[in-house]
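Please keep the sequence and the 3D view open while reading.

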4 protein chains.
Amino acid sequence: MAGNTLGEIFKITTFGESHGNAMGAVIDGCPAGLELSVTDIENELKRRRPSSQYGSRDEKDMPEILSGVFEGKTLGSPIAIIVRNTNQNSGDYDELKNIYRPGHADFTYDAKYGFRDHRGGGRSSGRETLSRVAAGAVAKIFLALHGIKIRAWVSLFADFDFPSIGEENFDLDEVEKNFMRIPCKINESIKQKFEKISEEGDSAGGNISCLVTGAPAGIGEPVFDKLDARLASSILSIGACKGIEFGAGFAVCSMKGSDNNDKPCGEGFKFATNNCGGILGGISTGQDIFFKAAFKPTPSISKKQNAFDKDGKIKEISIKGRHDICIVPRAVPVVEAMTALALADFLLLSRCSRI
Amino acid sequence: MAGNTLGEIFKITTFGESHGNAMGAVIDGCPAGLELSVTDIENELKRRRPSSQYGSRDEKDMPEILSGVFEGKTLGSPIAIIVRNTNQNSGDYDELKNIYRPGHADFTYDAKYGFRDHRGGGRSSGRETLSRVAAGAVAKIFLALHGIKIRAWVSLFADFDFPSIGEENFDLDEVEKNFMRIPCKINESIKQKFEKISEEGDSAGGNISCLVTGAPAGIGEPVFDKLDARLASSILSIGACKGIEFGAGFAVCSMKGSDNNDKPCGEGFKFATNNCGGILGGISTGQDIFFKAAFKPTPSISKKQNAFDKDGKIKEISIKGRHDICIVPRAVPVVEAMTALALADFLLLSRCSRI
Amino acid sequence: MAGNTLGEIFKITTFGESHGNAMGAVIDGCPAGLELSVTDIENELKRRRPSSQYGSRDEKDMPEILSGVFEGKTLGSPIAIIVRNTNQNSGDYDELKNIYRPGHADFTYDAKYGFRDHRGGGRSSGRETLSRVAAGAVAKIFLALHGIKIRAWVSLFADFDFPSIGEENFDLDEVEKNFMRIPCKINESIKQKFEKISEEGDSAGGNISCLVTGAPAGIGEPVFDKLDARLASSILSIGACKGIEFGAGFAVCSMKGSDNNDKPCGEGFKFATNNCGGILGGISTGQDIFFKAAFKPTPSISKKQNAFDKDGKIKEISIKGRHDICIVPRAVPVVEAMTALALADFLLLSRCSRI
Amino acid sequence: MAGNTLGEIFKITTFGESHGNAMGAVIDGCPAGLELSVTDIENELKRRRPSSQYGSRDEKDMPEILSGVFEGKTLGSPIAIIVRNTNQNSGDYDELKNIYRPGHADFTYDAKYGFRDHRGGGRSSGRETLSRVAAGAVAKIFLALHGIKIRAWVSLFADFDFPSIGEENFDLDEVEKNFMRIPCKINESIKQKFEKISEEGDSAGGNISCLVTGAPAGIGEPVFDKLDARLASSILSIGACKGIEFGAGFAVCSMKGSDNNDKPCGEGFKFATNNCGGILGGISTGQDIFFKAAFKPTPSISKKQNAFDKDGKIKEISIKGRHDICIVPRAVPVVEAMTALALADFLLLSRCSRI
């Protein structure tokens, strides 16, 4: 255990502290024969990098593949990818050495390990997601080969709720064109909101929606390794995530069975709705898989706030350093990566269901 | 894999189809020396049994401990518990043999395995949760020994929202006194709602809230095995669950960082709020752990609805048999069981964090 | 962990103490669609039962399938099999309550758990292998479907060394015809040896050889899950086993590379020898897989010997009860079962090697 | 799965092909607070490096710690260690591209993956053990903290059998003083044997013995994860290993129970013999743990031999490049590393045996 390994067949192990030497991922169980280049990984890592607008630390994040690829194809042996940490202003953290930053894992890491790397959160830093995105890039290529595609976007930011699938103005092509990764044209009031929060030294949260197309029916395991259970744990394992819902989600609680059951609308297993989010009994139905996840506002804010120090005494602090005003847009590729990793694993597992 | 085993140290494996010979659980890794009797398990199973009001199949569910307990104490070897299935009206299901019931796993199981036990959902039946409750009973005793207590209740039913922790009328002592397991006195309008849905041949969903008290700080693993990630997967693995949120949950999306960060309110790590739900960076803070989960309305309804048959053709059906109008109250002990299993596992794992 | 689960895809969990209510196995991950009846399991269990000549406790060992099979075929859900313990003379063990029997796990279980079921060794009893044989019966059927067959036999007993594969008089058809499971006609001197040891109140050890035919090339995982590594751990996990060797085994230590390397003897990957035992780099070569395992003499003997009591004091004891003079013939189906379980798992895993 | 991860709590994942960019190991689950420097790892890696006498490729093998250590102590987060491959004469392997070297995994990797890195065996190279030794160095430090020490040596080389524990001339202090790592003074006839095999372009095998002192009673898991089962799989996972035996090993097969059972020789659990090798029922007895493993002669020899090419045709080859005449002395630190990894894992697991 110890928590840094994920998956059964397509399995990743990640490592790295925010201000250590490098971040990395080892992918074990990626099938042999997959075409893979360092550019494939670089391209996904770029999507995770901060826009100049976010306010956060920017690093080139150049991945290096240490093993597992030969003549442009995966060998079936572990694919190790590392990214050196280069832009570390560790000094920013000196005064936080004995302070537990509110909303961070500083206190809990000390409680667990008796000791921690206080620089930028160490292992609990958001920078840890870099390894996930690198590994997810490989999973995505494997899934694409089998016709499965994953797209995520910001569906809510602060008090702005963006169009849903099927609604007017909903346009997935917009997502990668705007710095908020929203599925529609970005307008001035959104930008102003962003600016205002930034000026206040505060931060904002939001929702991410994720859509998987092309997944065949029959993917997922019963009982404890349901596809939705695994996706839930994969997404909730992203530091800032506080909730997840599938299909109609929390809204089902107030629906009647006759409304919630997805209605057949055409022969050959076509449905008028997708309240189930493409998963029944933990196994894919062949419909699109859909879920939504809640992300909290960045806990690091420059606005003054009270915090505990190591002795349990209250101190007023203002967190310096380079922090995202809103982490949510940058979490979009992370959500996609985690989804890809779960699906790649289950797709392989599904090869073992029948004699 | 194959999904029927859960946990790393305190590990359970469950088995059983709804209309097969027996349901069961094997608990491996329960520490030696725990006082355990069959009555402890029976008492939890009773909480899962249907009230006469629910409309569902009633079985005595008498557990038998086959192994792992000697002279009233756990041996450290696997504890196998079985419950015979006795009240099986398999005939109820004959006409559903070639029909995929809407909202059920009938179609997905066929897609995965090419074959299924159609009687009552087979392995995907809600009856499968019996094994979870039996195993959870053991986990609860272990946790209680370490001062950890778990309580769940129905916090929303159909369009009734019940009082939250700290609100007036919120009373956990009420939960086990009323058939809806709500944390307040039950009133006539709730009962009438229940009756009305029943008369319509329809069903209702709801929320379950869960509170863990007494968990020390430092429980949980980093990155992929975060305590909230594991709880999410544990709870989402319950058939009817469609979502989960921790602490302030989806509401954090619209909060500012300065609001969401829990504020110190007294020396020694006391906080004015618990927006984080008692978990930061995937590790317990020592506050109460709190989450809420969404449960869909029972998909089995006697009201007429369209469904696909095996050939993808649409048929009108009315599902007979004994089905819960609202599964949510009976899912309360299941949520507690899953929470207990996750915590027991992590509590043991936390013994290995330091040299 | 806790040691009672084995395998990654074709995975078993076993339970049961020698004098508890029942022994059992849960097989999770057996592919759906396999024809399986209780007779298949019973037939293998019969092979594990003592011959009247062995001197050991005899039970009917009637298996019951609790789940996972529907209309004669596996469902893909867990197959739970139990066998009630019926012939328990627990009284035999009363005087051993505070004695650590030499060569048994009595002391080590107390050291680990602080407490034990002293009746017949509890979980550490040889009776535990019943669960392995039951589960192995299912694995064997799956393997047979893919053309893989497993045969084991006694190749050495006390100071009798029996013919090897290819040698004159070696005849696998003899194995199940004689009570010693040797691959040749049994003669009087062997029987006399057996009688003599029995009269002395002593016991004897021996070797078991195992041959797998029909395994395709490419089965096994690299590095830590090599096929031979898994087989080694599977066989060494049988209580009385003290060693294993593959192919030419310990003899390779004194061979030169030019002698040990298997020589091509005909186009299409045919070899003159099988020093490698059908495995190179942990992966099957397509040749027969062959290994030999060492089994110690039964530690329970009626002959007087010294033992430690709970306080570390030396006591003279004579172990009563029904014990095998030589456990080795009865371990033959256990070795086959463990081999089958390893191969079934790796055969499924091999479906995931390529894109 | 996919075989490159080992352990449950103290868990390692390794990666790297012989002629790829780097070899590496990620240790997850090493407890926090352990003092660790890069020199600790370097020192163990030096022991694995070839003596000039062995004839094999020499690289500096400079380890770099990428994560998991802060201010000289382990953080509890994954410790990633890499070693760059610098001395790669890939050209040596060009003519072997379409040849399956006898005794190597060339054919089996192609059979499994449909494709391989032919340069120096790729992932199946002996160079892979570098990662094990690096990780084992960390495990050793953890074990030393708990009083557990591991020593291995060459106990047989070609036809030379070296003194055993307790025999005259047996001296563990000699092991690291001679290039053959034998537990006694090395003499001329051994050196001449070595030279002769070298001149013939051939290779030799041998045995390694391993002794663990200081392990408390009660370490190990029951049934499938017995300490000896895990050690067997750990040691057999080393490429050239063909067999293992514990305590008296294969010799027990011809012993009587009354001889094999270790005899008490003094109050307080002292024994006259250690036929059990310090393990009973898969759990440590508190005596020394002892086992012996068989290693085959290096399959790469310059002497001419026949081999199959990719089409199954027979070709005569002479393997060039730098190969060990006898790999056994260099496998000594690998055996120690694998033993350390197994024990570190079980030592942590043993913390969870009791309530």
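**Cysteines and aromatic contacts**

Over all chains, the count of disulfides (pairs of cysteine sulfur atoms within 2.5 Å) comes to 0. This is a predicted model, in which local features need pLDDT of at least 70 and side-chain atom pairs count only at pLDDT 80 or more, while totals for chains, interfaces and linings use all residues. Residues are numbered from 1 along each chain as its sequence is written, chains are lettered from A and ligands numbered from 1 in the order in which they are written, and side-chain values use heavy atoms, with hydrogens and water left out.

**Cysteines**

- A disulfide is a covalent bond between the sulfur atoms of two cysteines.
- D:Cys326 is in no disulfide either, as the nearest cysteine sulfur, that of C:Cys253, is 9.7 Å away.
- D:Cys30 is buried, at a relative accessible area of 2%; buried means under 20% relative accessible area, exposed over 50% and partly exposed in between, with a 1.4 Å probe and protein chains only.
- D:Cys326 also counts as buried, at 1% relative accessibility.

**Aromatic pairs**

- Over all chains there are 58 aromatic pairs; rings of Phe, Tyr and Trp (its six-membered ring) pair if their centres lie within 6.5 Å, and planes under 30 degrees apart count as stacked, over 60 as edge-to-face and the rest as tilted.
- One of them is the tilted pair of B:Phe246 and B:Phe291, with 5.7 Å centre to centre and 50 degrees between the planes.
- This pair links distant parts of chain B, 45 residues apart: B:Phe246 is in strand β12 (residues 241-246) and B:Phe291 in strand β17 (residues 289-295). Strands (E, at least two residues) are DSSP runs numbered from the N terminus.
- B:Phe246 is buried, with a relative accessible area of 1%, and B:Phe291 is buried with 1%.
- In chain D, the rings of D:Phe246 and D:Phe291 have centres 5.7 Å apart and planes at 50 degrees, so this pair is tilted.
- A:Tyr100, A:Phe107, A:Phe308, B:Phe269 and B:Phe271 make up one aromatic cluster.

**Charges over rings**

- B:Lys73 lies over the face of C:Phe115, 5.3 Å from the ring centre; a charge sits over a ring if NZ of Lys or CZ of Arg is within 6 Å of the ring centre and within 35 degrees of the ring normal.
- The charged end of C:Lys73 sits over the ring of B:Phe115, at 5.3 Å from its centre.

Note on methods:
Helices (H or I, at least four residues) and strands (E, at least two) are DSSP runs, numbered from the N terminus.
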